[in-house]
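Please look over the sequence and the model below before reading on. The report starts from one residue and then widens to the whole chain.

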Amino acid sequence: MPARRFLILGKVQGVFFRAHAKAKADALGITGWVENCPDTSVLIHAEGSEEALKQFQKWCKKGPPAAQVESVASKHAEEKGMQSFEILH
């Protein structure tokens with residue numbers, strides 16, 4: 001199954017980005033994880049169908065209502081065989 005890494009920049013911490021990302025990933029059947037980074041960005045590892053990943057990336061460009069996404073960098077990643085989508089702390 002395809003895997004991608006997304007790095008989201010902007011006002012993306014303190015706006016429930018991780019919780020909303022998990023809900024969206026669960027709805028799309030995507031597995032992986034999301035975490036806040038020390039530099040105030042959010043990093044996501046996502047595994048799913050190409051179509052689901054495209055829809056997820058589109059969502060990441062907007063994020064939850066309180067977010068102000070400036071950019072989303074995306075790159076191919078190695079598949080980890082994740083079974084669920086987790087919020088890392």
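Leaving aside its neighbours within four places in sequence, which residues is S41 in contact with? The answer is L7, I8, L9, V12, Q13, E35 and N36, where contact means heavy atoms within 4.5 Å.

This is a predicted model, in which local features need pLDDT of at least 70 and side-chain atom pairs count only at pLDDT 80 or more, while totals for chains, interfaces and linings use all residues. Residues are numbered from 1 along each chain as its sequence is written, and side-chain values use heavy atoms, with hydrogens and water left out.

S41 has its place in the loop between β2 and β3. Because its relative accessibility is 2%, S41 counts as buried; the term buried stands for under 20% relative accessible area, exposed for over 50%, and partly exposed for what lies in between, with a 1.4 Å probe and protein chains only. In the hairpin of β2 and β3, which has five residues between the strands, T40 takes a positive phi near 80°.

**Strands and their partners**

Strands (E, at least two residues) and helices (H or I, at least four) are DSSP runs, numbered from the N terminus. The chain has two helices and five strands, and from the N terminus on its elements follow the order β-α-β-β-α-β-β.

**The chain as a whole**

The radius of gyration, taken over C-alpha atoms, is 12 Å, which agrees with a compact globule because 89 residues would give a value near 12 Å by the rule of 2.2 Å times the number of residues to the power 0.38. Along its principal axes, the C-alpha trace spans about 30 × 25 × 20 Å. Buried residues make up 37% of the 89 residues, and S41 counts as buried. Among contacts between residues at least 6 apart in sequence, 78% join residues at least 24 apart.

Technical notes: Pairing = 2+ DSSP bridges.
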